[in-house]
Structure formats: structure tokens, C-alpha cells
Amino acid sequence: MKFLISLHINQSVLDALTDEEKEALGNGVTAFMESTKKSGELIAAQALADPSQAAVVSVRNGQPVVTDGPFLESKEFLGGYYMIDVESKERAIELAAQIPDAAIEGLGVEVRQVMFSEGQLEA
């Protein structure tokens with residue numbers, strides 16, 4: 001079963017961390033990625049640019065309309081994700097709990113099952 005673990009970031013929370021806490025966060029992320037790669041459960045991991053660098057695209061009257069900045073004005077934003085392939089939702093939750101962001105108040109870690117992938121419905 002494939003799951004997307006999304007990381008929801010609040011920049012003010014990250015900015016408030018001490019240098020030691022930031023280093024521990026980075027080390028924890030590295031350890032998580034190494035562990036899930038070794039177990040064969042990690043499919044992909046991506047960090048995203050700040051929402052201020054986003055472009056929002058819509059089509060009106062058949063023409064693309066592009067605006068700068070995030071789709072929603074919010075303190076929280078999607079900062080990145082892990083795509084994993086595991087035996088169960090329980091295992092996905094177990095892995096999500098190992099991500100250091102989950103232990104920091106104000107940051108969010110969300111687990112969602114992939115329902116459709118590469119033209120195939122997921123089981």
C-alpha cells in the first residue's frame with residue numbers, strides 16, 4: 001500500500017528553533033530517510049520551495065492566467081513529502097511518528113493513502 005506523508009510547515013515555528021534544535025531536526029530527517037531507504041519502504045522524498053515562489057495557474061475563457069504566490073494565504077504550507085510503500089496504514093503511521101517534525105508543536109505530519117497511481121487504482 002502506498003501512502004503520502006506530507007509535511008506541513010509553519011515558518012515562524014522553524015524560525016523559533018534554536019540552532020541545536022534545527023541541527024537535531026536535520027539529523028533526524030537524514031536518519032529517517034536512511035532507515036526507510038534501507039527497509040525498502042521509501043519511494044521518494046521531496047522538499048518544496050517556499051510558497052512565495054509559487055505560481056498559481058487557472059484557465060479562464062480558454063486562456064491560462066498565472067498569479068504569483070501561494071494559492072492560499074496561510075501560516076502553514078506544504079513543505080515536502082515522503083512517498084512510502086508499506087504493508088498497512090498502521091505501519092505508515094508508525095513511520096510518520098519517526099519523522100522529527102511530528103514532535104515539534106506547530107508542525108504537521110499527515111498520512112494519506114494513495115488511491116490512484118500511474119493509471120492504476122491502488123488496492
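The mean pLDDT of the protein is 92, and 91% of the residues score at least 70. Among the elements, helix α3 (residues 89–96) has the highest mean pLDDT, 98, while strand β8 (residues 120–121) has the lowest, 65. Where pLDDT is low, the predicted coordinates should not be read in detail.

The next topic is the sheet. Four strands form an open sheet in the order β2-β5-β1-β6, with antiparallel pairing. Strands β2 (42–47) and β6 (108–113) stand at the edges; each has a single partner strand, so one side of each is left without a neighbour in the sheet. On average, and with direction ignored, neighbouring strands of this sheet are turned by 20° against each other. Helix α2 packs on the sheet, where α2 touches β2 and β5, and the direction of α2 makes about 155° with that of β2. Within the sheet, strand β1 (residues 2–10) pairs with β5 in the antiparallel sense over nine bridges. In this pairing, I9 stands opposite F77 in β5.

The aromatic residues come next. A pair of aromatic rings is described by the distance of the centres and the angle of the planes. One aromatic pair is found in a search of the whole structure. The ring centres of F32 and Y82 lie 4.9 Å apart and the planes stand at 65°; planes over 60 degrees apart count as edge-to-face, so the pair of F32 and Y82 is edge-to-face. The pair links distant parts of the chain, with F32 in helix α2 (residues 19–39) and Y82 in strand β5 (residues 76–85), 50 residues apart. F32 and Y82 are both buried.

In soluble globular proteins, nonpolar side chains tend to be buried together.

Not counting residues up to four places away in sequence, E41 touches T36, M83, I84, D85, V86, R91 and L95.

Strand β3 (residues 55–60) pairs with β4 in the antiparallel sense over six bridges, and S58 stands opposite V65 in β4. The two strands form a hairpin with two residues between them. Strand β4 (residues 63–68) has six residues, of which the number buried is zero, so β4 lies largely in the open. N61 is in the loop between β3 and β4. The phi of N61 is near 55°, a positive value in a residue other than glycine. With a relative accessible area of 80%, N61 is exposed.

Methods
Residues numbered from 1 in each chain as written. Heavy atoms only, no water. pLDDT = per-residue confidence, 0-100. Phe/Tyr/Trp six-rings, centres within 6.5 Å; stacked < 30°, edge-to-face > 60°. Buried < 20%, exposed > 50% of the residue type's maximum accessible area, 1.4 Å probe, protein only. Pairing = 2+ DSSP bridges. Axes fitted to C-alpha atoms, helices over the stretch in contact; angles between N-to-C directions. Contact = heavy atoms within 4.5 Å.
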